[in-house]
Structures are given as C-alpha cells and as structure tokens.
Amino acid sequence: MAIKANVEGKVEASTKMSGAEMLLESLKRENVEVIFGYPGGAVLPIYDKIYDAGIFHVLTRHEQGGIHAAEGYARISGKPGVVIATSGPGATNIVTGLTDAMIDSLPLVVFTGQVASSVIGTDAFQEADVLGITMPITKHSYQVREVSEIPNIIKEAFYIATTGRPGPVLIDIPKDLAIIEGEFDYSKEINLPGYQPTVLPNHLQIRKLVEAVSHAKKPVILAGAGILHGNAAEELKEYAEQQSVPVIHTLLGLGGFPADHPLFLGMAGMHGTYTANMAIYESDLLISIGARFDDRVTGNLAHFAPNATIAHIDIDPAEIGKVVTTKIPVVGDAKEVLSQLIHQDGKPGDNQEWRDKVSGWKQEFPLCYQASSETLKPQKLIELVYEYTNGEAIVTTDVGQHQMWAAQYYKFKKPNHWVTSGGLGTMGFGLPASIGAQLADRSATVVSLVGDGGFQMTLQELSVIHELKLPIKVMIVNNQSLGMVRQWQEIFYEGRYSHSLIPNQPDFIKLAEAYGIKAFRAQTEEEANQVLKEAIEFDGPVLMDFRVTSDENVYPMVAPGKGLHEMVGVKF
Ligand SMILES: Cc1ncc(C[n+]2csc(CCOP(=O)(O)OP(=O)(O)O)c2C)c(N)n1
C-alpha cells in the first residue's frame, strides 16, 4: 500500500505496510511536524518513503547538526525532536547529541538504521552496536525484531520520551525490517507496568514543606529546568509571591522566573551572582525545584547551604539525595507540586529581614565589568543584543565564556527563550540548535551566540540556514581564543596558554558569503550598534563577526574546590 493513500485517506485499524511506511505513518499519528536527518545505505528504504510522504524533512549537513537541531526544536516547542541517522558512522555521529539530550532532559525520538538482521554481529559494512553504545545515554532504546512491532514501539517511544523526566529514546531498525511488510496497527494501548512516573506528590511531604516555609527566616527557591519542562513558570511566580520567597535560577532554568522581578536574585554557581550564591550559603531553607545540584551549581559541597534544610522537588526520584542530603523529598511534577503548595493553608514565614538583606546585596554587588567604548567588551555586546531584541529573542549558545556572559547579561523574562547545552557543555551546539528553535517558532527573533571555537565545530549548518531562509542572527563572539580554556590557563596554569589561542582564523565574513549569507564585522561599541541595528531589521539570516576584547574573563567566579561564598571578581 502506498503511504500517500494511507495518510490522505482513512487508514484501517489493521493494514499491510512496509516497515518504512509504518514508521512514517506512526510519525504522522504522533503529529510530527519535522524530521532532522541524514540518509545512508541502511536507511535508504526509509528515505525512499520519505521522498513522497509529505512530511517536512531537514537535511542537516552532519548528523550532529541534526540531533542538536532536534534538541533546539524540542526545547522551544515542548514536543519531541525527531532524528534519523544511518547505521555505523551516522549513528556514532549522534552520540554527543544523545548524551546532551539525556543530561539536559530533552525529549527526542531517534531512529538509526541498522545492517540487515541476518548479518547483525558479523562486523558487516557500517555495522555498529548502537544499542550497546547508547545504552547509558538514552532514556530507553529498542531494536526492532519484527516489522509488526514498529507502530507500538514508536508509540511507546513518544510516550517515554515526553513523560516523567523527558529524555531521548532510540529505535534501531535493521534494513530488512524497513522493507518487509506487516500489519499496521496503531490502536494498541501503551502498557508499561515498569514505567509509571510519579506526577502527584505525597501529601505528607507537601505538608512538611509548608511547615518548613512558615518557620523559615531565610528561605530561597533554587529553580532549574524542571520548571520549563513542567510548564510551571506561572505557578512558580505565584508561589514565590504568595510566600515571599526569593528565587535563584540554575543555568538551564533561566527564564522560568522573570529576571526583572524584585524577588529574583540571579543565577547560582560558578559564574552566578554574588547575591544568589550568598543567599544559598546563608539560607536556612533551600527549596530546589527541578534542579539536580550539578557541581557547577553547588561548588564545594562541604560549604553548600551549610545551614539550610534542603527540600528537593523533582519528577525523577533518582535525583533526590543523589548529591545533597535532602530532609524534605518531594517526588512529583513541578507544576502539580507548586499548584498544591499554592492551595495549602500555610502562612508565609516572617522573612522580611532576609528579603531586605538580599535586596541590599543586589544593590551593592550587581554584575560588573570594566567598560571601554573604544573596544568591544563581550559583556557590553550581550547588553546591546538584549537592547536591540527588546529582551524578547530566543537565544541559543555554544559553550564557554560567551555562554556565561549570555546567561548573566541577557535578562530572560519569559520561559522557553534560552537554549544552551548545560550538563554536557557541548561546543558546536548553538548554531544547529538555533535551526530547530527557529523551526519551532517561525515568528521569533532567534539569536545564535557562538564562540569562534564552537562555531567552527558545526558551521556547516549555515547551509541549512541559507537553504531554508531562516532569519537567524548568528553572532560570533570572537575573542580569537578558546576563551574559557584561556581563562583557566591564565588563572590556574600561570598563563601557559597551551593550544587555546586561535588567531589563525578563516575570514568569517567571506565564509558566510560563501554560504550565501549576509555578514558584518564590528570591533567597537559604535560599530556593534550599527551592525546590530541593521542585522535585526534585516528579514533574513545574518552572520556577525564581533571582535571582542580577547583577554576578558568571566566573573564572578567560584574556583574549583571552593565554596559558593568564596567567589572572586565580585567588584572591580
Ligand atoms: C566539544 C567540546 N570540546 C571541548 C570542550 C572544552 N571547552 C569548554 S569551553 C572551551 C572554549 C570554547 O571556546 P569558544 O567556542 O571560542 O568560546 P569562548 O569560551 O571563547 O566564548 C572548550 C575548548 C567542550 N566544552 N566541548
């Protein structure tokens, strides 16, 4: 049966189809809008059906680009990103993206081609043990053994990827099973007795937390990406205001609470604000919501919130007690837990003195840097980007100094405007992620802030931006170095800059033009103003090479092994 007929007409509850047709029909049943993929031998039967299936497929120029684009799409749309890669090298090229999505809890459904069933295990051409390789970096994985299993496997994969703590699910399809026919049946109920995510919290734990808040003199909320995955930003605001509790974000949580809110204290951790880090250090009750106490957030654990009772709200029970001892564990969905907390009888604690204290810190110790209008300071650049985009852009980044400056100086006001690689810290993430983000929200202004190092890892995706005419504003924060490495070498390795300075660069303007993309360069504040004005107004993709000062460091900084209260570079 031709796939077109299946899609346009009514599909019978049980119909004969090839494995590849089943795959595409299942994706349609799951309302998939876009597939990010790259063809090859083992997935040729699938690509032959994609040819006229009427489903939007984006051919990224590298499988890593495809999976990061899918992550960007998932982060902004809230829907799972779908990826197809061929067997062997296609599959191994997505390993970084799977790890990234796993640690940052992004829902993906990833298909890999596999050699034919009859030669699995014989070191056949382009065979790789994809299930073995990806077992620890997927939430779940399948290898199809029977063609008729395909619909049910796909249905389960979407369910598992998006429920509980989201994550990537991989489906490995041997080539023969994409070709042979079987009965298509999408009507089976999902039945996974061993997988029952806890959404509703335990009432007793909720009461304990209500009690703790009413007695706390120095409470803080540490809000992570769970707020965004759980669509709980409104509830967080309502709860924080109701209980007058200051809010701190992790890197990945940014945007979950408005940065301009009087109760917001900034980002915590290695490059967090003085106020956020000191508030954690001095707090007597720390309520973590959808955050996992990454070491970049906690600093030296011996000094982490030493006087606080820790309450930990998380949908993943494995996170609770993993890093810090938790007195009040609450397993559940962030939105549900916060809604229940909002509706409890519990009077807010008497914490006015505490709020005055943290407000005082905010006034006294704002983020700061040494300004210089003759050059272009990277921090100033981010402030300008904020200004020219009215703080409304979706911002994607790579990893390094520019990522930290973006987190510090782009004051996210709303959820789902920040796409960054947090847990894995993947250079090369920003550019492809911006493609997925723009496809998820066609009307948004999407800014891709990338390092000159990270950009050179996935720049081939400029081709996709040009081909799809995506009006992404690519901004290279060009410090002619692997800036974050250079910073650590300056501070901890006596300035021995071993392989971190990269003045030998391509002409990024010509490079962009070779891809058919308009490009500008700026090296002073004045030039940056002109370039940003023109670029943001231009209705199409633009690449900007911002030559920022190359010896700038990200501050404040908590050195490795130090406690959050031992930040340096708080004031100049
Ligand atoms: C794939 C990958 N390789 C290496 C690193 C280690 N690393 C972290 S930050 C950094 C420097 C990044 O340089 P650049 O992209 O120019 O950004 P900058 O720090 O200068 O803003 C490196 C090499 C990494 N995070 N990811």
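Let us start with residues 1-5, where pLDDT stays under 50 and the model has 14 contacts beyond four places in sequence. This is a predicted model, and the mean pLDDT of the protein chain is 96, with 98% of its residues reaching 70 or more.

I turn next to the sheet. Six strands make up an open sheet with parallel pairing, in the order β11-β10-β9-β12-β13-β14. At its edges lie β11 (264-267) and β14 (328-331), each of which pairs on one side only. From one strand to the next, the twist averages 15°. Within this sheet, β9 (residues 219-223) and β12 (residues 285-289) are joined by five bridges in the parallel sense, and V220 has L286 in β12 as its bridge partner. Helix α12 (residues 233-243) packs on the sheet and touches β9, β10 (247-249) and β12. The direction of α12 makes about 170° with that of β9.

The largest nonpolar core has 49 residues, and F455, I465, V474 and L543 have the most contacts inside it. Helix α4 (residues 63-77) supplies the largest share of this core, six residues. Leaving aside neighbours within four places in sequence, V474 is in contact with several residues, among them L431, F455, I465 and L543. A second, separate core of 37 residues includes V82, I160, I173 and L177.

Finally, consider helix α19 (residues 430-440). Ten of its eleven residues are buried, so α19 is largely enclosed by the rest of the structure. The buried residues include L431, P432 and I435.

Key
Residues are numbered from 1 along each chain as its sequence is written. This is a predicted model: local features need pLDDT of at least 70, side-chain atom pairs count only at pLDDT 80 or more; totals for chains, interfaces and linings use all residues. Side-chain values use heavy atoms; hydrogens and water are left out. A nonpolar core is a set of buried Ala, Val, Leu, Ile, Met, Phe, Trp, Tyr and Cys residues joined through side-chain atoms within 4.5 Å. Buried means under 20% relative accessible area, exposed over 50%, partly exposed in between (1.4 Å probe, protein chains only). Helices (H or I, at least four residues) and strands (E, at least two) are DSSP runs, numbered from the N terminus. Contact means heavy atoms within 4.5 Å. pLDDT is the predictor's confidence in each residue, from 0 to 100. Two strands pair if DSSP finds at least two bridges between them. Axes are lines fitted to C-alpha atoms, for helices over the stretch in contact, and angles run from 0 to 180 degrees between N-to-C directions.
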